[in-house]
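This briefing goes through a single protein model, topic by topic. Keep the sequence and the structure in view while reading.

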Amino acid sequence: MEAISAEEMILDDLLRTFDRVFVLNVMETTSIKRGWLNLKWKVTTEAGAFLLKQYNKERYKLFNPEELLFAFSQQIRLHDQGLACPKLLSHNGRILLESDNGELFMVMEYCQGILIPPGRTNVHQIYDLGRATGKMHRILNDGTLGINHSPQFIPPSREERLAHWNAVREKTAKAGKPQLLAGIETQFEATEEMDIEILRLLHTGWAHRDLWADNLLFNDNGLTAILDFDRLKYDYPQLDVARAVISCALDDHLDVSLASAFMEGYREERNVAEGYLTHSLQLLWYMESTWWIHADMDQHSVPPARFAKEMIWLAENLKNLSAMLGNI
């Protein structure tokens, strides 16, 4: 009851500010149980439905406020140029608002659509996601923002990564978790076999950097919204491509027809070389594998467990990706 009552107090506080700032009569509120720490509600008014997103104080500490405001500005630019993403509301030029009790929150239009479980999109949905992702990358990298000196992710050397997996293997063995060692060994072997040099040839650029199933809404025939631009930064656009494909097309196996449909849509907006998806997935694995594969992965909640499954699958299939995907 304590957590529910604390959540209700936060909502009441936010609604007072919402009413004062936007002068809208709230008829109904519905809690949205999704995401980590931040609270969200669907708020129905006489002017339509909106989403209130509260930024948890502890999670907010993980963000650079200037970078977060920059991400909001790019979401506005993308929406204004026709990308399927929520319209953000502002007051006196401010997107991030502060309630009477000091809670930081934002208000955006409520987007219709449903969440599709990982690996369960249909060909129409993932094709449309590919097209929207290509459009997003085209707009973000049209020269308006310029370029940075270096991406967010700097691939470590093979030697550094092998030393990391050795340390993880040793820690896991000491923890008495032999059931995890096979998955860790697979990461080590894939690191030994991977052609690390290809990572130095990939193009950097502005990207969403969190393009997975929980941040996507669909209807039966396509994408209705890309959500949560908080992590938008200068990195590798190919990470978005790989994260979307592995999230939406990998179930027990990777559905190549879905992966191909994504790339068909993506190519409507951006020209890419042969092997683009293969190299994208290799890059994603090299970046994310250390996040999700470790001595405590047996304690993962549902989303990290899904990510760990993806990293194990990629490590097992890394050297066969090109043949599997037909060099798309």
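The structure, a predicted model, holds zero disulfides.

**Cysteines**

- How far is the sulfur of Cys85 from the closest cysteine sulfur? The distance is 7.6 Å, to the sulfur in Cys111.
- A disulfide requires two cysteine sulfur atoms within 2.5 Å, so the sulfur of Cys85 is too far from that of Cys111 for a bond.
- Cys85 counts as buried because its relative accessibility is 4%, and buried means under 20%.
- Cys111 also counts as buried, at 14% relative accessibility.

**Aromatic pairs**

- The count of aromatic pairs comes to twelve.
- One of them is formed by Tyr55 and Phe72, with 6.4 Å from centre to centre and 55° between the planes, which makes the pair tilted.
- This pair links distant parts of the chain, as Tyr55 is in strand 3 (residues 48-55) and Phe72 is in helix 3 (residues 65-80), 17 residues apart.
- Tyr55 is buried, with a relative accessible area of 2%, and Phe72 is buried with a relative accessible area of 1%.
- Trp206 and Tyr234 form an edge-to-face pair, with centres 5.3 Å apart and 75° between the planes.
- That pair also links distant parts of the chain: Trp206 belongs to strand 6 (residues 205-207) and Tyr234 to strand 9 (residues 233-235), 28 residues apart.
- Trp206 counts as buried at 8% relative accessibility, and Tyr234 counts as buried at 5%.
- Which residues do ring pairs link into a cluster? They are Trp212, Trp291, Trp292 and Phe307.

**Charges over rings**

- Arg161 has its charged end over the ring of Tyr286, 4.5 Å from the ring's centre.
- Arg169 lies over the face of Phe188, and the distance to the ring centre is 4.5 Å.

**Ser289**

- Ser289 is found in helix 9 (residues 276-292).
- Is Ser289 buried or exposed? Ser289 counts as buried, because its relative accessibility is 0%.
- Leaving aside residues up to four places away in sequence, Ser289 touches Arg161, Trp165, Gln187, Leu284 and Met311.

Methods: Residues are numbered from 1 along each chain as its sequence is written. This is a predicted model: local features need pLDDT of at least 70, side-chain atom pairs count only at pLDDT 80 or more; totals for chains, interfaces and linings use all residues. Side-chain values use heavy atoms; hydrogens and water are left out. Helices (H or I, at least four residues) and strands (E, at least two) are DSSP runs, numbered from the N terminus. Buried means under 20% relative accessible area, exposed over 50%, partly exposed in between (1.4 Å probe, protein chains only). Contact means heavy atoms within 4.5 Å. Rings of Phe, Tyr and Trp (its six-membered ring) pair if their centres lie within 6.5 Å; planes under 30 degrees apart count as stacked, over 60 as edge-to-face and the rest as tilted. A charge sits over a ring if NZ of Lys or CZ of Arg is within 6 Å of the ring centre and within 35 degrees of the ring normal.
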